[in-house]
Every structure is written in structure tokens, then in C-alpha cells.
Amino acid sequence: MLGFSPLTNYLLDGRIFSMSEQVKTEVNILEVAQRLIQRGGYNAFSYADIADAVGIRKASIHYYFPNKSDLGREVMRRYRAENKAELARIEHEAVNPRQKMELYFLGYINELRESGQVCMACMLAADQPTLPDEICNEVGGFFNDQKVWLEKVLQDGLEAESFRLRDAVEVEAQLIIAAVQGAMVIARSCGSAVQFETVAARLLDGLKN
């Protein structure tokens, strides 16, 4: 008996790890998986790819995520939670509906500029026919989060007479989501965020009253 508390330490790959190291390894796995999904989709990577990047055995990943579907669901759940937190931040910091929309588009612009990657939900949506239901549910939830938030912002802008909408709020929100996701894919194919910035500017101009 080594005297280590099972609540603070565990054995993996023949080594004793602290809980903080366990959390760090789990986060590393999730971050690597997210990058791989955003680069090539759900079906384009394996546990071996993650093991090489993180520096652990492939079998050890199963300690954290027994199946690839478990990993995919958690990666998307984490991405969705981060996105909801970002929308809440915009809601708190922006002073009016127009500024909220500007910050919304800026978040995607910064992601393209910094990583050159598109929205992970967009990548997974392209793989949807081959995805487990639990991942599809998270992807659908992500887009619903976007739709609900955009509908509220658009409605607020309409009531404040700062936005002019051609269609119902629900339709406008769906059009914005489709334009944003499509523009990100095109921008990545061109290797420049400028393509997306042009679309974002046009969408903002279209909302002016």
C-alpha cells in the first residue's frame, strides 16, 4: 500500500498521476480532438492520432473516453458550452443590438484569423449521416442556441427601430446562421478571413434601418 488517496491520485500507463494531471490530460485530449475535427471532420482522425499528439498510449485514451462517440459528444458539448458563454459575454458587454451583432461576427473573424479553422459544428454537420445520435444532438443543440440568441437580438433591434428585417425574425436568424457557416468554409478554402469579413459586413448593412 503506497498511501496515495484514490481521490487525488490514480495509476495509468504504469505511472501514478495526480488528479490535476488527470484533468490536464483529459483537456489535452479534448483540445487535440477538436483541432482534428475542425481540420478534417469526425471521420478523419483516430485515437492513434490523438495519442501521438498528447504523448500517451492509444489504449490510455479509453480510460477517459471509452468510445470515439463518447469523445465526440464531449468535444461538441464543450464547444457548445464555450459558445453559449461567449454569447452571454456579448449580451453583457454590448450596449445595443447592433453592437451585439458586430461582436457576434467578430468572434468568427478572430477564429478564422487565429486558427484558419471553421466552426466545429459546421464540420460535424457535414458528417451528420455517419455520426452517432448523441453527437448529432449536441450539434443540433448548438445551432438551436445560435438561433434562439439571434432571434432575441433581431427582435430587440426591430423593437428599437435600429434593424430593418425583410422576413420574420425566425427566418432572418436562420439566414444569418447559414450565411455565417457557409462564408467560413469559403474563407478557409481561400486561405483568408477577408471573404468572411465581406459577408459579415454585408449582413450588418442589410440590417440597417
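**Entry 1: Asp145**

I began with aspartate 145, which is buried at a relative accessible area of 12%, buried meaning under 20%, exposed over 50% and partly exposed in between, with a 1.4 Å probe and protein chains only. I placed aspartate 145 in helix α7; helices here are DSSP runs of H or I with at least four residues, strands are runs of E with at least two, and both are numbered from the N terminus. Setting aside residues up to four places away in sequence, I found that aspartate 145 touches Arg80, Lys84 and Leu87, where contact means heavy atoms within 4.5 Å.

**Entry 2: what kind of model this is**

I noted that this is a predicted model, in which local features need pLDDT of at least 70 and side-chain atom pairs count only at pLDDT 80 or more, while totals for chains, interfaces and linings use all residues. Residues are numbered from 1 along each chain as its sequence is written, and side-chain values use heavy atoms, with hydrogens and water left out.

I then looked up the confidence: the chain averages a pLDDT of 89, and 91% of the residues score at least 70, pLDDT being the predictor's confidence in each residue on a scale from 0 to 100. Within the chain, confidence is highest in helix α7 (residues 133-159), at a mean of 97, and lowest in strand β1 (residues 9-12), at 48. Over residues 1-8 the pLDDT stays under 50, and for this stretch the model has seven contacts beyond four places in sequence.

**Entry 3: the chain as a whole**

I listed nine helices and two strands in the chain, and their order from the N terminus is β-β-α-α-α-α-α-α-α-α-α. The C-alpha trace spans about 70 × 35 × 30 Å along its principal axes. Of the 209 residues, 43% count as buried. Taking contacts between residues at least 6 apart in sequence, I read that 67% of them join residues at least 24 apart.

**Entry 4: the largest pocket**

I turned to the largest pocket, whose volume is about 530 Å³. Its lining comprises 25 residues, and those closest to the pocket centre are Tyr79, Asn83, Glu86, Gly107 and Glu111. For the record, the search ran on a 1 Å grid over the protein atoms alone, a pocket being an open set of points with protein on both sides within 12 Å along at least five of seven lines, and lining residues having an atom within 4 Å of a point. Grid points are joined across faces, edges and corners, and the volume is the space filled by probe spheres set on the points.

Which elements supply at least two residues each of this lining? They are α1 (19-40), α4 (68-93), α5 (97-115) and α7, with α5 giving the largest share, nine residues. By class I noted nine nonpolar, eight polar and eight charged residues in the lining; Ala, Val, Leu, Ile, Met, Phe, Trp, Tyr, Cys and Pro count as nonpolar, Asp, Glu, Lys and Arg as charged, and the others, Gly among them, as polar.

**Entry 5: two residues of α4**

Asparagine 83, one of the residues closest to the centre of the largest pocket, lies in helix α4 and counts as buried at 14% relative accessibility. Beyond four places in sequence, asparagine 83 touches Tyr108, Phe142 and Gln146.

Glutamate 74 is also found in helix α4, and its contacts, again without residues up to four places away, are with Leu30 and Phe65. I recorded a polar contact of 2.7 Å between the side chains of glutamate 74 and arginine 77; the term covers a pair of N or O atoms within 3.5 Å, where within protein one must be able to donate a hydrogen and the other to accept it, and residues adjacent in sequence count only if both atoms are side-chain atoms. The C-alpha atoms of glutamate 74 and glutamate 134 are separated by 9.6 Å, although the two are 60 residues apart along the chain.

Two or more lining residues come from each of α5, α8 (169-190) and α9 (194-207), and α9 gives the largest share, four residues. The lining has seven nonpolar, one polar and five charged residues.

Last, I looked at glutamine 195 in helix α9, which is partly exposed, with a relative accessible area of 38%. Leaving aside neighbours within four places in sequence, glutamine 195 is in contact with Ala187 and Cys190. Its C-alpha lies 8.0 Å from that of methionine 184, 11 residues apart in sequence.

Notes: On a 1 Å grid over the protein atoms alone, a cavity is a set of points where a 1.4 Å probe fits but cannot get out, and a pocket is an open set with protein on both sides within 12 Å along at least five of seven lines; lining residues have an atom within 4 Å of a point.
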